[in-house]
Amino acid sequence: MQIIGNMEILELIKNRRSIRSFKSDPISEEVIDKLIEAIIWAPSAGNRQMRKFFFVFNNDLKKKIAMKIKSITTPKSVGSSYHIKSSP
């Protein structure tokens, strides 16, 4: 098992957390620049780099995007589930 500092990767995975509540504080340009650099250097499958990232600063647009995503990802009835087709 690879070690990062004193913590094993498995421990990092087990102790990760999901964030569902966010601050409304603006993000500095310096932080955004660091995020963009991380995106540029992040690996992708087969180094294809076929991804797009959007930084949305308009609060009304953020709400519209969130509502649309919720409408297409929320099961329509109890017991509904989503299935991902297997690759050929």
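How many salt bridges does a search of the whole structure find? I ran the search and found 1 salt bridge, taking the term as a side-chain nitrogen of Lys or Arg within 4 Å of a carboxyl oxygen of Asp or Glu.

**Basis.** I note that this is a predicted model, in which local features need pLDDT of at least 70 and side-chain atom pairs count only at pLDDT 80 or more, while totals for chains, interfaces and linings use all residues. Residues are numbered from 1 along each chain as its sequence is written, and side-chain values use heavy atoms, with hydrogens and water left out.

**Fold.** I counted 3 helices and 2 strands in the chain, as DSSP runs numbered from the N terminus (helices H or I, at least four residues; strands E, at least two). The order from the N terminus is β-β-α-α-α.

**Salt bridge.** I located the bridge between the side chains of Lys 34 and Glu 30, at 3.5 Å from N to O. Both residues belong to helix H2 (residues 29–41) and stand 4 residues apart, about one turn of the helix. Lys 34 is exposed at a relative accessible area of 53%, and Glu 30 is exposed at 53% as well; exposed means over 50%, buried under 20%, and partly exposed in between (1.4 Å probe, protein chains only).

**Surface.** I found that 1% of the 88 residues of the chain count as buried. The accessible surface of the chain is about 9200 Å², with 59% belonging to carbon and sulfur atoms (Shrake-Rupley method, 1.4 Å probe; for residues, only the protein chains shown count as cover). I also recorded a nonpolar surface patch of about 960 Å², whose members include Ile 27, Val 31, Leu 35 and Trp 41. For such a patch, residues need over 30% relative accessible area and no salt bridge, and nonpolar side chains (Val, Leu, Ile, Met, Phe, Trp, Tyr) are joined within 5 Å. Leu 35 lies in helix H2 and is partly exposed, at 40% relative accessibility.

Key. Patches are made of residues with over 30% relative accessible area and no salt bridge: like charges are joined within 9 Å, nonpolar side chains (Val, Leu, Ile, Met, Phe, Trp, Tyr) within 5 Å.
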